[in-house]
Amino acid sequence: MHREVYALLYSDKKDAPPLLPSDTTQGYRTVKAKLGSKKVRPWKWMPFTNPARKDGAMFYHWRRAAEEGKDYPFARFNKTVQVPVYSEQEYQLYLHDDAWTKAETDHLFDLARRFDLRFVVIHDRYDHQQFKKRSVEDLKERYYHICAKLANVRAAPGTDLKIPVFDAGHERRRKEQLERLYNRTPEQVAEEEYLIQELRKIEARKKEREKRTQDLQKLITAADTTTEQRRAERKAPKKKLPQKKETEKPAVPETAGIKFPDFKSAGVTLRSQRMKLPSSVGQKKIKALEQMLMELGVDLNPMPTEEIVQMFNELRSDLVLLYELKQAFANCEYELQMLRHRYEALAKAGSLGPGSAEGAHADGPAAPGAEEGKADAKDQIIDVVGAPLTPNSRKRRESASSSSSIKKVKKP
């Protein structure tokens, strides 16, 4: 659809389409030049010289007549590097070096002035036939060492100097590392990416373990706090004591036990309402709680007297806390078993133990099947340290392994 036809259907301001064509001076039109009535400034074809050139070459270009005789406007961009100049006496006193002759040093500084300290070009133009073959780092080190020495000698006492420093050893190591990085094979790149992914998985599992540790610590603190409260209530006399402030109560985590609601509203309430489980308790916990009460032989709906309601709620809260502690214990036990399997897999693959590296060097090149064994071991390790299984799947795995061992024993 053409733009003009689409504009009739919809516009940003949602206005009605125009009935007559109009010119709003807005749109996709070529802007015409606005010519004034003033006199045009004259231009002249005039010669000019570039101050950056030392050969006095003459060039021509169009320029306004009013600017005749002025300097070339682009001459201000001609920036040159100030290369220091030393005398014969200064060289003999401060700049003498057994590894460098004066002729070679003069040749280096002459190239530095000609090519504005572009050391790659200087190294390319360096006379390696007449003088000793030098690397780019050697040339830089000699140049900056002389500059620093001359700055120290010529500086007035008490002045703060900004002496250029060049670390040739660091530059050599950097280029060597860059060359190694560039010469990597596709297998090495894939291995590095694999290791980075494994590192991210390890960090994610570490964060998950820390979170589980915090939850377990909350449960343990809640169990200890509940036990201390019960002991204090048993030792206290049965007479009514003034109620303590809420700030004096020990802080109990919300995840511990069951937090029953308090009925403080006006009106009549039944004791059986206080025995109702809150909606925060999940269905899985409710089923487990009923099963534990049935194993203990406790009635699920006892007579709702004041003492029975209080004891029954405390019992259920303790049972829920015990259930959470059992779940946390099962998770910790599973993690311990997973780490044990991982250790066994690593030991079987030969990644652990002091004799693994020595054996690899002593035996020479590995056998053809060694790489396949390592690959299988790597797959086992990845499978072991993968996502954790549930306790039910762990039980099924244990039962399957036990049944397989029984079958092996029954075979003749």
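1. The structure is a predicted model, in which local features need a pLDDT of at least 70 and side-chain atom pairs count only at pLDDT 80 or more, while totals for chains, interfaces and linings use all residues. Residues are numbered from 1 along each chain as its sequence is written, and side-chain values use heavy atoms, with hydrogens and water left out.

2. The pLDDT (the predictor's confidence in each residue, from 0 to 100) averages 75 over the chain, and 67% of the residues score at least 70. Residues 354-372 have a pLDDT below 50 and, beyond near neighbours in sequence, one contact in the model, where contact means heavy atoms within 4.5 Å; residues 377-391 are also below 50, but that stretch has 18 such contacts. Where pLDDT is low, the predicted coordinates should not be read in detail.

3. The chain holds 13 helices and two strands, taken as DSSP runs (helices H or I, at least four residues; strands E, at least two) and numbered from the N terminus. Of its 412 residues, 19% are buried, that is, under 20% relative accessible area, with exposed meaning over 50% and partly exposed in between (1.4 Å probe, protein chains only).

4. In α2 the buried residues are Glu90, Tyr91 and Leu95; seen down the helix axis they fall within an arc of 100°, so they line one face of α2, the arc being that of the directions from the axis to the C-beta atoms. The face turned away from this buried side carries the exposed residues Gln89 and Leu93, whereas the cover over the buried residues of α2 includes α3 and α5.

5. Among the buried residues of α5 are Val136, Leu139, Tyr143 and Ile146, and the buried residues of this helix pack against α2, α3, α4 and α6 (168-182).
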